[in-house]
Amino acid sequence: MSKVAIVTDSNSGITQKRGKELGIYVLPMPFFIDEKLYFEDITLTQEEFYERLRADSDISTSQPSPANVMELWEKVLGENDQIVCIPMSSGLSSTCSTAMSIAGEYKGRVQVVDNQRISVTQEQSVYDAMHLRDQGMDAAEIKEVLEREKLQASIYITVDTLKYLKKGGRITPAAAAVGTVLNLKPVLQIQGEKLDAFAKARGWKSAKKIMLNAIEKDLNGRFADVKDQMVLGMAYTCTKEEAAGWKQEIMDRFPGYDILEGPLSLSVACHIGPGSMAVTCMKKA
């Protein structure tokens, strides 16, 4: 039986330390901050990132260079027969398409999953891949299952400030000004392809209610047939104390579900800023 390794990127929220504990490999995402290159969880901590974000540093996301990708793959293949690579959603970055192009050089030994997930939904895909591998599947079979079920997930996010959506050109300065005065909290969604608008709320309480209602609708609608196989998730760019309160609200609304939790990936945080909260649901493979 082939020895299959799992590779993901730091957009999954899996840290380098956690990756070692799991026996998987995590490719750090690069960022340019004031024109200097940093790597998530290597030369850039979550705390440092948000300090620079609040200080209005010029921050831009990037994708791992082909050289860095191949360097990691060569290292992993030195100890394994095959790789299942699970990058962030192809709808949010070209990282996936670049990895697929590179994988062509490896004659089937590297299978890149067009997973269309990010943050805790991507993290769940990593756990799914580990489970399928342990059931005896090879890399190609694991890729087939993950891609077949990739859209069995939803993410809803609300933001604390409109500043970063305005900065990224996702809303106009006029809309941001009006929204700030009216205390509007946009609720955003990720349904595989990209970050889209979902609803507008007046204040946090309303925004949270909209997100929880949306998850309930998904569980009882889109995912009704696989409801017993769903996992919930929560992610955040807010404080850990606020995140703990948000997790409790989710648990109170949906008792009996497993909940994955972790900070939102820095690639998303760039566009929505600190103070944000998200809730997700996703099917276990």
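Strands E8 and E13 (residues 277-283) pair in the antiparallel sense over 6 bridges, where pairing requires that DSSP finds at least two bridges between two strands. Strands (E, at least two residues) and helices (H or I, at least four) are DSSP runs numbered from the N terminus. Within this pair, methionine 282 of E13 is the bridge partner of alanine 153. E8 is also joined to strand E9 (residues 184-190) by 4 bridges, again antiparallel. In E9, valine 187 stands opposite threonine 158.

The model is a predicted one, in which local features need pLDDT of at least 70 and side-chain atom pairs count only at pLDDT 80 or more, while totals for chains, interfaces and linings use all residues. Residues are numbered from 1 along each chain as its sequence is written, and side-chain values use heavy atoms, with hydrogens and water left out.

Strand E8 (residues 153-158) is largely enclosed by the rest of the structure, because 6 of its 6 residues are buried. Buried denotes under 20% relative accessible area, exposed over 50%, and partly exposed the range in between (1.4 Å probe, protein chains only). In a regular strand the side chains alternate between the two faces of the sheet. In E8, both faces are covered: one side carries Ala153, Ile155 and Ile157, the other Ser154, Tyr156 and Thr158, and all are buried.

Isoleucine 6 lies in strand E1 (residues 4-9). Its relative accessible area is 0%, so isoleucine 6 is buried. Leaving aside residues up to four places away in sequence, isoleucine 6 touches Ile24, Tyr25, Val84, Ile86, Val126, Ala129, Met130 and Arg133, a contact being heavy atoms within 4.5 Å. The C-alpha atoms of isoleucine 6 and tyrosine 25 are 6.4 Å apart, at a sequence separation of 19 residues.

At the level of the chain, the secondary structure comprises 11 helices and 13 strands. The radius of gyration is 19 Å, which agrees with the value near 19 Å for a compact globule of 285 residues; the radius is taken over C-alpha atoms, and the globule rule is 2.2 Å times the number of residues to the power 0.38. The C-alpha trace spans about 60 × 50 × 30 Å along its principal axes. Of the 285 residues, 52% count as buried. Among contacts with a separation of 6 or more, 74% are accounted for by residues 24 or more positions apart.
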